[in-house]
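Please open the model in a viewer and keep the selection panel at hand.

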Amino acid sequence: MSFQLALELLPPTLADGLILGLLYATIALGYTMVYGVLGLINFAHSEIFMVGAVVAVELLTYVLAGSPLHPVLQLALAMIVAAAVSAALAGLAERVAYRPLRRSNAPKLAPLITAIGISLFLQDAVRFVESLFGQFIRPFPSMPFFDIPLPLTPNDSIPMKSVVILIAAGAMLVGLRYTVNQTRLGKAIRAVATDRMAASLMGIDVNRIVMLTFLIGGALAGVAGTLYALQFGRVDPFSGFIPGLKAFTAAVLGGIGSIPGAMVGGIVLGLIEMLIGTFVPILTNNAIGTEYKDIFAFGILILILIFKPTGLLGRPSTEKV
Amino acid sequence: MMDASESPARPLLEVRNIDVFYGAIHAIRDLSVVVNEGEIVTLIGSNGAGKTTALGAISRLLPIRSGDVLLDGRSLRSVPPHDVVRRGLAHVPERRRIFADLTVIENLEMGAFTVGSKADIASRMTEMLELFPRLAERRKQFGGTLSGGEQQMLAVARALMQHPRILLLDEPSMGLSPLFVERIFDIIETINKRGVTILLVEQNAHMALAIADRGYVLKNGTIVDQGSAARLRSDESIQAAYLGAH
């Protein structure tokens, strides 16, 4: 491969990697925050993300299409509704499934299995409902505005949607970071994540904070779902699984339970995936194609965890006696 | 904080015949304790006697099977733990449980979680940093980096940020050097003189009875003796069991 070609491919690859990474990070926050306050991996999170994407695509296709609103406003509206639906779903899962298990002091595996159950239930529920109205694979509606090319380098461009996704997902991460670090609610979340009993003694209603954590994580997943559908152009009842798994991987890579860790882990994973997907096929003359990128991405994950088991930003957990 | 008042004894905290279970284990049997306004009352007993469980039941962290806990005459039975704080009862738990990932200042802010006014929080913060100059020196440090004694001070200061009427202290001397143990007990006396009623659980019965007005002796989850601190200190069987041979 010529140096010239590599130089030309680098900027768009980095842009796409960053977009993918920000989306992983936005999803990963839901995993890591719930893990932080409950020690639970909420495997239903990938389906909560998928439902957000489905809601947004349906809204844009059947309700907002043809409206005089600017496409960005249409997207924003769809995103808000998707966030609300995903948040409500996450909150519902906590209220009807996870909280009763905590109250009855169920063993740790019970909520995990419950999460997988909710996951499968949501996949099939969405498939059932969507099948009533035709195909359950739904394309993102054509919105020419988002395909307008913007110059990236003298001889390359990125579509408008890339910029929109970068701004929207970036704003989510900045907003969340501010909320967690600066606000009273954020401090309460951190306190509950550190020590539930001590937080309760400070007058913090632990169940309320756990619920809020699910709502915030769900809303972020809804936003990510909308943006993911915009970026990749389609959604189906099973399209939450792989990005959900990748986001979970990103959370572990960054250090599960750590909010900055989820952000860094997501971005690192997105960049690695895109760089490998672009350059390995070129370097190997297509002997190793793009479809093998996940092998490298997860291989790197395994390597990092061997040398730093707590993840990039995770701290060794001090076992509470 | 209020000035210490010399008003006649009025029960601030009444524990009436409570029973607490851990699964099938009957951890607390028919426990009754009264703490009057302005007093220091200590609950002594050996390891495993149920002292920590008793405090957990009072601050409503643990469910009570029967009996009742009254704060200022009002039942806490159906009050969730995070609301007990708002009624004026603060609990410094065993092993301090400070927030290791938060700074000293942030820990104190968490203590004032129930306080609405920022001006109030700021004035209480100043008050605590004056009462605990060591914490003022460490204000930007993470809680986890403090020494055991400093963590205990932080745990007490954090609870005092709530301006409680009664403070429950669980083994404040645990794991501390003798010098720090004395300082902690000095602090407890100072706080009490400023008007905070104290219920103190201690394995270090000698120190606890030295500053307390009255004491209860807990054994296998039941009160086996009670009385003035002076009487308990001079009681031979208590000396043998909890104070070591002197």
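How many residues of chain B are in contact with chain A? Select both chains: 19 residues of chain B are in contact with 14 residues of chain A, contact meaning C-beta atoms, placed from the backbone, within 7 Å. This is a predicted model, in which local features need pLDDT of at least 70, side-chain atom pairs count only at pLDDT 80 or more, and totals for chains, interfaces and linings use all residues. Residues are numbered from 1 along each chain as its sequence is written, while chains are lettered from A and ligands numbered from 1 in the order in which they are written.

Next, select helix 3 (104-111) of chain B, which supplies four residues, the largest share of the side of chain B that touches chain A. Helices are DSSP runs of H or I with at least four residues, and strands are E runs of at least two, numbered from the N terminus.

Proceed to the open sheet of chain B, whose four antiparallel strands have the order 2-1-4-5; strands pair if DSSP finds at least two bridges between them. Strand 2 (25-36) and strand 5 (74-75) of chain B stand at the edges, each with a single partner strand, so one side of each lacks a neighbour in the sheet. Two bridges join strand 4 (residues 66-71) to strand 5 of chain B, and B:Leu71 has B:Arg74 as its bridge partner.

Finally, select helix 5 (residues 160-182) and helix 6 (residues 184-194) of chain A, whose axes are 5 Å apart. Among the contact residues are A:Val180 of helix 5 and A:Ile189 of helix 6 of chain A.

How values were computed. Axes fitted to C-alpha atoms, helices over the stretch in contact; angles between N-to-C directions. Contact = placed C-beta atoms within 7 Å.
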